[in-house]
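Biologist: Could you walk me through this fold and tell me what stands behind each label you use?

Modeller: Gladly; let's look together.

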Amino acid sequence: MPSTRPVRSPSRARAPERRLPLNAPVRAWAMSEWALLPLRVFLGVTFAYAGLQKLANPNFLNAASPVSIQSQMIASARISPIHLILSHLVQFAKPLGLVIALGEVAIGVGTLVGLWTRAAALGGAVLSFTLFLTVSFHASPYFTGADIVFFFAWLPLVLAGGGSRLSIDSWIATRAAKMEGAPPPALVAIPFIKVQQLCGHFNRGRCNAREGLRCEAAVCPILLGERAPMVTRVTIDSVDRRSLVLGGAAAAMVGTTAALMGGAVAAVGRAIGGAKPAVGPNQLGATTTTAAGAGKTTTTTNATTSALGTKLGPASDVPVGNAATFSIPSSGDPGIVVQAVKGQFEAYDAVCPHAGCTVGYYAANQVLACPCHGSQFMLDTGAVINGPAPHGLTKLNVTEGPDGNLYLK
Ligand code: FES
C-alpha cells in the first residue's frame, strides 16, 4: 500500500515556525470574552472607588494626618525593600498621591467600560506591584496583603485583554470595520479538530501548507495567518488606524468625564468631611534635623535612664489631644504616646502587627490607625477595632515623673 505521507522537497527551505511561549494557543490573547467579564467589573469598580475615595478624603493629601499618603510612605519606608527610593520620594508625597488617585480612577474606569483595557490592566498591575513592595511586603501570611492578589488578578486582563463583551474597544473595532466596508471582526471559539475538518491543507494528520509536517494548533498557518492588533482585534490597517483615532477620542471623553467626576468628589469630600484638621505628632525629647533637599528626617533621642525608667522627654511635648513619637531604646522600634485626656498618657509600640508599618494617632476618631491597610486600634487598650491586623498593639508603661518628664518603665 503506497504511503500517503507527502514528500518534502529538499530544495524548498521551510519557514521558521512561530510558537507562543509555553505553547499557548494561537491568539490566546483574544479568548477572554465572557469569562473575564466578572473580573473586569470587579477590578474596574474597585480601582475607580479607591481613587475616588482618596480624592474625597481631605486627609489623604494632608501631610499632618496619620492616614495621609505622606504618612503611608514614611510608615512603610522603614520596612520596604525599596526603602531607599521611598525615603527620597517622601518629599513628592502630595503630587505622587494625586497621580496615584487619578491613576486609579483612570485605570478603574478604563477597565470597567473596556476602553484600552490591556493598557489599563498593565497600569493596574504596575500600581499593585508597587504597593506590594511598599505597604504589603511584610504581610504575614503573604496572602493577607491585598496588593499581591490584585497584581495577579490584573495579569489575565494584561495577557488576554478584556474580551469583546460590554467593551468600548470592541464597539470601536466593529464601527471602524463598518466605516471601511470591512466585515465585522467577530471571533468564535471552536475546537481545533473543527479547524482541521474545514481546512483545505489538512491531510491525515499532516499539513500540506507546512510541507507535510504534523498538523499542530500552535503553528497552524491558517490560525497564525494575519495577527490581529492587540487592542482592537481588527486586521485591516486602515481600520486599525481608524480604531486608534476613535479609541483616542473615546479615551479623551471618558478621561475628561472621570476628571470632572474626581474633582466634584474631591470638592464634596472637603466640604462634608474636612472639618476636623489632623495634627501631626511631635518627636518626644528628640533633636530633629531635616537634610536639605532630601526630605529626610534624622532623629536623635535624648533618652537617659533613672529609677523612674528611661526618660523620654518633657510631657509638655505631648499636648492634650495629641500624640508624640519616640524610639523604644530596647528594640529600636518606633513608639507612640498619646495624651487624649489631661494627665493620662497611653503609649504603644507603634509597629503595626499586620505588615510592620508605623501607626499614628487619629485625633478626629480618637483611635490609633495604620496608614498602610487601615487597621485601627483602641486608644486605651491597643486592641484591634478593625482591619487586617491579627492582634493589638503592644502596650508600653509610660508615666509622668515629678520633674515633668515622661518615663518608660
Ligand atoms: S501594616 Fe497593614 S494594617 Fe498596618
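**Core, helices and a loop cysteine**

Modeller: This is a predicted model. Its largest nonpolar core has 76 residues, and Ile 336, Val 337, Cys 352, Val 359, Leu 368, Val 398 and Leu 406 touch the most other members. Helix α4, residues 93–113, gives the largest share of this core, 7 residues.

Biologist: What makes you say where this core lies relative to domain 1 and domain 2?

Modeller: Domain 1 (14–185 + 228–278) and domain 2 (282–408) both contribute residues, so the core lies between them.

Biologist: Which residues is Val 337 in contact with, leaving aside its neighbours within four places in sequence?

Modeller: Val 337 contacts Leu 284, Val 318, Ala 323, Ala 324, Phe 326, Phe 345, Ala 347, Val 398 and Leu 406. Of these, Val 398 and Leu 406 are also listed among the core members that touch the most others.

Biologist: Now the helices. How do the axes of α2 and α4 cross?

Modeller: The axes of α2 (residues 69–77) and α4 come within 8 Å and cross at roughly 105°. Angles of 65 to 115 degrees count as roughly perpendicular, so α2 is roughly perpendicular to α4. Ile 69, Gln 70 and Met 73 of α2 meet Ala 93, Leu 96 and Gly 97 of α4. By class, that contact has 4 nonpolar, 2 polar and no charged residues.

Biologist: Why is α2 called largely enclosed by the rest of the structure?

Modeller: A residue is buried if 20 or more other C-beta atoms lie within 10 Å of its own. In α2, 9 of the 9 residues are buried, so the helix is largely enclosed. Ile 69, Gln 70, Ser 71 and Met 73 are among them. The buried residues of α2 pack against α3 (83–89), α4, α5 (117–135) and β12 (360–362).

Biologist: And Cys 199: buried, exposed or partly exposed?

Modeller: Buried needs 20 or more neighbours and exposed 12 or fewer. Cys 199 has 18 C-beta neighbours inside 10 Å, so Cys 199 counts as partly exposed. Cys 199 sits in the loop between α8 (192–198) and β1 (202–203). Cys 199 and Ile 222 are 23 residues apart in sequence, with their C-alpha atoms 8.1 Å apart.

Biologist: What does the protein chain look like in overall numbers?

Modeller: The protein chain has 10 helices and 18 strands. Of its 409 residues, 37% are buried. Among contacts between residues at least 6 apart in sequence, 61% join residues at least 24 apart.

How values were computed
Residues are numbered from 1 along each chain as its sequence is written. This is a predicted model: local features need pLDDT of at least 70, side-chain atom pairs count only at pLDDT 80 or more; totals for chains, interfaces and linings use all residues. A nonpolar core is a set of buried Ala, Val, Leu, Ile, Met, Phe, Trp, Tyr and Cys residues joined through C-beta atoms within 7 Å. Helices (H or I, at least four residues) and strands (E, at least two) are DSSP runs, numbered from the N terminus. Domain bounds come from an automatic or database domain assignment. Two residues are in contact if their C-beta atoms, placed from the backbone, lie within 7 Å. Axes are lines fitted to C-alpha atoms, for helices over the stretch in contact, and angles run from 0 to 180 degrees between N-to-C directions. Angles under 35 degrees count as roughly parallel, over 145 as roughly antiparallel, 65 to 115 as roughly perpendicular and the rest as oblique. Ala, Val, Leu, Ile, Met, Phe, Trp, Tyr, Cys and Pro count as nonpolar, Asp, Glu, Lys and Arg as charged, and the others, Gly among them, as polar.
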